[in-house]
Amino acid sequence: IGRDPTAVFAGLPLSSRSPPTLVMTFGSKTVREGERACVWSRDGSARLVDGPRRLFLCLQRLEVLPKHSAGNVEYLEVRRRDGTVIILPGPAARFFDPVEDISVHVREARLIDASEALVVYRHTANKVGEPHVERRVVLGPARFIPSADEWVHEFEWSGVPQDGSKTTYQPKALRFTKLRVIPASAYHNVSEVRTNDDTLITVKLMLFFELRDVEKMLDATNDPIGDFINAASADVIAFCAGVSYETFLNETHRLNELDTFAQLCVRAQHIGYDITKVVFRGFQAGAKLQAMHDNAIQERTRLRLLEETQAQEQRQADAALAAETRRAAQQAELETGQAQQRAQLSMVSVKAQLAERRLQDEAEIERQARAAEQRLAEQQAHSAELLATMREMKAMGVDLTKVLVSQHEAPDKVIKLDTGAAPAAEGKKSLLSAIQLNL
């Protein structure tokens, strides 16, 4: 080291060493409690001093050492001059040792949630003592702090460039260390696919996949996204090569079925993935063909809308006619009901009148019958009285015929009954031959 005690920092970055906070050649210095200092002598030797302490310096230099501390989600990485590395998980604290240490850094621990995993490598020796590298997968949730002989795998997959769209992919554009083990999706456009009638189209897809076996993926591929893109493109090219453009328009639903993407499913299983679903997002043809297709779609849409409008108008007319028919039927039913009601009321009125007249007739007949009975009774009484009188008169020898004739001196009609018998003696004429009926 020589006479300059700061020569131990030669060639090191400023962030890995702390320059002396106080340099003295003669005098006293206090090291406070909780601090540590390094005292450099002229011969290059150094000694560490912990506070609280009062030092007297004579041709010596004092360096106050920085203290590094790590929290619960941090750790200390100490690089020693002998090439070793010491990892101190937090919470921990350590003073920088300018003699033994090159640097002391506070690193953040890797926090892994339940949907992530880390691939960690470690230097070991096999059974015969040869250098060997082991690999292990750390699944979350966990707090990962690597040991001195471990390092984390960094993935470099095909991804969307920062200045590109979500459907363009660039090799090694996606760099990460935390591997996601939950279902994911990716957009992909298969450009310039040719049908069997030489029509160029761009097919838009959305792929849904899930990682099943991390070890199998690490052994079989270094870019699963690139494998998916290539396999899906091959399946789409094979599908379009066997159909015409019109057939493609009618069979686009097959691009939503996994049976159409056989190469994609086989490749995914080979690298430890499962393709859960493929969604056809549409297609795009060339500018002229797309314009023709758009015009055809617009025309079909216009005709369909026109047909729907006419059908709607017909339905409205039918509905109006049906409503009018129902209204007429209801009106007829109402009028019929009203007529029936009037007829019933008239019938009731007639029946009431007939009943009243019948009652009146029955009362009149009864009255007349009573009057007739009364007259008959009176006549019978009068006849009985007259008969009794005539019997008395006959008994007295009075000629009843003369009496009766005298009562009716001028009869309207005389009916004489002649029995045809011989005339009787004078004074003893038969009563029957002399009866006269006065009508």
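Modeller: Start at Asp101. Leaving out residues up to four places away in sequence, Asp101 touches Val78, Arg79, Arg80, Arg81, Arg94, Phe95 and Phe96. Contact here means heavy atoms within 4.5 Å. This is a predicted model: local features need pLDDT of at least 70, side-chain atom pairs count only at pLDDT 80 or more, and totals for chains, interfaces and linings use all residues. Residues are numbered from 1 along each chain as its sequence is written, and side-chain values use heavy atoms, with hydrogens and water left out.

Asp101 is in strand 10 (residues 101–108). Strands (E, at least two residues) and helices (H or I, at least four) are DSSP runs, numbered from the N terminus. Asp101 is buried, at 0% relative accessibility. Buried means under 20% relative accessible area, exposed over 50%, and partly exposed in between, with a 1.4 Å probe and protein chains only. The side chains of Asp101 and Arg80 are joined by a polar contact of 2.9 Å. Such a contact is a pair of N or O atoms within 3.5 Å; within protein, one must be able to donate a hydrogen and the other to accept it, and residues adjacent in sequence count only if both atoms are side-chain atoms.

Now the rings. Rings of Phe, Tyr and Trp (its six-membered ring) pair if their centres lie within 6.5 Å; planes under 30 degrees apart are stacked, over 60 edge-to-face, and the rest tilted. By this rule there are ten aromatic pairs. Tyr121 and Trp151 have ring centres 5.7 Å apart and planes at 20°, so this pair is stacked. Tyr121 lies in strand 12 (residues 116–125) and Trp151 in strand 15 (residues 150–152), so the pair ties together parts 30 residues apart in sequence. Tyr121 is buried at 16%, while Trp151 is partly exposed at 35%. Phe155 and Trp157 have centres 5.7 Å apart and planes at 70°, so that pair is edge-to-face. Phe155 is buried at 2%. Trp157 is buried too, at 6%. Phe239, Tyr245, Phe248 and Phe283 form one aromatic cluster.

Charges come next. The charged end of Lys166 sits over the ring of Tyr187, 4.1 Å from its centre. Lys277 lies over the face of Phe208, at 4.8 Å from the ring centre. The rule: NZ of Lys or CZ of Arg within 6 Å of the ring centre and within 35 degrees of the ring normal.

Then the cores. A nonpolar core is a set of buried Ala, Val, Leu, Ile, Met, Phe, Trp, Tyr and Cys residues joined through side-chain atoms within 4.5 Å. The largest has 41 residues; Ile201, Val203, Leu205, Phe228, Phe248, Leu264 and Tyr273 touch the most other members. Helix 2 (residues 224–241) gives the most to this core, with eight residues. Neighbours within four places in sequence aside, Phe228 is in contact with Leu207, Phe209, Leu264, Ala268, Ile271, Tyr273 and Ile275. Another core, of seven residues, lies apart, with Ala37, Val39, Val49 and Leu55 among them.

Last, the backbone. Most residues other than glycine have a negative phi, and most peptide bonds are trans. Gly51 and Pro52 are joined by a cis peptide bond, omega about 5°. The bond from Gly90 to Pro91 is also cis, with omega near 0°. Leu59, not a glycine, has a positive phi of about 55°. Glu192 has a positive phi as well, near 55°. Leu59 is partly exposed at 47%; Glu192 is exposed at 64%.
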